[in-house]
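Subject: Structure handover

Hello,

Here is the structure you are taking over. Please open it and keep it in view while you read the notes below it.

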Amino acid sequence: MADPKETNEKYNVKRFRSVEKENPDYGQARDWLQAVGFGFHDEQRSDELIDKILAMYQADNRELTGVYVNEEPPLHALNPGFPVATFGTLENNLNVGFGQELRTRQITAVTVRGTHRRHGILRGMMTADLTDAKDDGFAMAALTASEASIYGRFGFGVATFERSIKVDTGPKFRIRHEPVGRVEIADPRVLLELAPEVFERVHHRTPGSIVRQDSYRHHVSGAMKRDGSEDKAIKCALHYGPDGAVDGYVSYKFAGWDTKPYTVEIVDLVAATDSAYLELWQFLGSIDLVDRVSWPEAPVEDPLAWALEDGRCVTSSDYRDMLWLRVLDVPAALSARRYGADGRLVLEVRDALGFADGTWELTSDGGVVTVSEAGGGSQDLSPDLSMDVTDLGSVYLGAVNPVTLASAGRIREHTPGAALAAQHMFAVERPAHCLTHF
Ligand SMILES: CC(=O)SCCNC(=O)CCNC(=O)[C@H](O)C(C)(C)COP(=O)(O)OP(=O)(O)OC[C@H]1O[C@@H](n2cnc3c(N)ncnc32)[C@H](O)[C@@H]1OP(=O)(O)O
């Protein structure tokens, strides 16, 4: 049970928003945040840090859900004002390719206290929230997952990936690119203002990108570390395009003299043009007394290795799932896309939670997209492909190949060649990549 509309002998559920300190509901939001920290094994947060985080939550307009026990706990146990489970949501736009944006429900801060786990609290919170999201007109929900085994059962499929890279910036590091702009060092605090502006440009050109929450500009500028203190190690370089405007930045740290080879770690690298990206890398490769640059959140499809004279300067590890998508409304989600190729597909979608169940005819003709339900009467069409809603989420941004999913036995191909046709149709104009962890 975790739906505020339900009653239950054991638990009650509250939904609320972050508020200012003067507000009488402040304590509720503060205790909710401490419960989230407990669920992710964080240190207890100071009052000052809680104030800062709740202010950022207000900027994000987050909705916070807490599940509370009804009974009075025994002496010395945490008081019942601390939720035993937490669930947070935001609303932001997802770039779904070819300049199209889709309003998306983001789910975050999911925790259930160990003493209450495996009693169906997550299932209750998730089912209630997805139902509300669909009722509110959301065609898509999204999350990033702590474990890959949790969210498939709720219809989420992996839609983008990321990896960690280490780049040898010794003598072999040479990028074939003639600069068109310039890079300058700046006080990292300028990113408090600049980071969201540059990110907005990047977002508009990157399929798979979700608008960032307020905390990003604080972290990448060094204004605030995760523990709330200032990050004095952060450095920043800005890229200026040929028109003189800032169109990219890198925020980075030196890993210290004890780390060999001497290493610079990228905190955030955001570039709104291909040349800004390569020129920021040229800058990173030119930093004296450093032989390696590492980036824990690098894109999987990365022009860097192809621009280097010696692509083996880049070594990658920890290839992993990043953005998970959950289609809530098939016609709305499919209509929101523009397609990489014209074509027609009849898709049978199974959804254990029922939101997306059905058979749908998708047509893209000269860029005009139509989606209709293919069930019953003269409209009764046999499917070209059958898939679970998780697989539709996976192929939606073009980063997962339907042919591969068919080989894995996840997608069933009834019409020979339909999986390949789906690959062409779902392709996007640039590799899908999500730069926002939430
Ligand atoms: C978007 C995010 O915030 S990702 C972060 C997720 N949170 C964490 O990792 C924090 C630590 N973990 C937890 O707080 C909890 O264990 C949770 C939230 C993952 C699960 O909460 P619970 O209330 O125990 O889950 P619940 O009892 O509702 O289980 C629902 C289903 O998921 C399954 N499940 C729950 N957790 C896991 C898991 N870690 N791995 C695999 N299956 C899981 C259950 O077996 C159950 O399966 P079924 O209903 O199909 O039989």
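UniProt, in an unreviewed entry, lists Tyr 151 and Phe 438 under "active site". Please keep in mind throughout that the model is predicted.

Tyr 151 is found in the loop between β5 (140-143) and β6. Is Tyr 151 buried or exposed? A residue counts as buried if 20 or more other C-beta atoms lie within 10 Å of its own. Tyr 151 has 24 other C-beta atoms within 10 Å, so Tyr 151 is buried. Leaving aside residues up to four places away in sequence, Tyr 151 touches Leu 143, Ala 145, Phe 156 and Trp 324.

Phe 438 sits in the segment after α11 (418-426). Phe 438 has 21 C-beta neighbours inside 10 Å and therefore counts as buried too. Which residues does Phe 438 touch, not counting residues up to four places away in sequence? They are Leu 90, Gln 106, Thr 108, Thr 144 and Gln 213.

Next, the sheet. Seven strands form an open sheet with mixed pairing, in the order β1-β2-β3-β4-β5-β14-β6. The edges are taken by β1 (11-17) and β6 (157-158). Each of these two has a single partner strand, so one side of each is left without a neighbour in the sheet. As background, strands of a sheet pair through backbone hydrogen bonds, either parallel or antiparallel. Both kinds can be looked up here. β1 pairs with β2 (residues 63-69) in the antiparallel sense, over seven bridges. Asn 12, for example, stands opposite Tyr 68 in β2. β4 and β5, on the other hand, run parallel and are joined by three bridges. Arg 105 has Ala 141 in β5 as its bridge partner.

β5 is covered on both faces. Met 140 and Ala 142 lie on one side, Ala 141 and Leu 143 lie on the other, and all of them are buried. Leu 143 has already come up as one of the residues that Tyr 151 touches.

Now the ligand. There are 21 residues around the ligand, and those that come nearest are Val 110, Val 112, Arg 117, Leu 122 and Ser 146. Which element gives the largest share of this shell? It is β4, with six residues. At least two residues each come from β4 (101-112) and from α3 (121-135). By type, the shell consists of nine nonpolar, seven polar and five charged residues.

- Lys 260 and Pro 261 are joined by a cis peptide bond, with omega at about -10°. Pro 261 is in the loop between β10 (246-254) and β11 (263-271).
- Phe 98 is not a glycine, yet it has a positive phi of about 50°. Phe 98 is in the loop between β3 and β4. Phe 98 counts as partly exposed because it has 15 C-beta neighbours inside 10 Å.
- Ala 109 is not a glycine either, and it has a positive phi of about 55°. Ala 109 is in strand β4. With 21 other C-beta atoms within 10 Å, Ala 109 is buried.

Regards

Definitions and conventions:
Residues numbered from 1 in each chain as written. Predicted model: local features only at pLDDT ≥ 70, side-chain atom pairs only at ≥ 80, totals over all residues. Near = placed C-beta within 6 Å. Helix = DSSP H or I, 4+ residues; strand = E, 2+ residues; numbered from the N terminus. Nonpolar A, V, L, I, M, F, W, Y, C, P; charged D, E, K, R; others polar. Pairing = 2+ DSSP bridges. UniProt positions renumbered as here; feature names shortened; annotations may be inferred. Buried ≥ 20, exposed ≤ 12 C-beta atoms within 10 Å, placed from the backbone. Contact = placed C-beta atoms within 7 Å.
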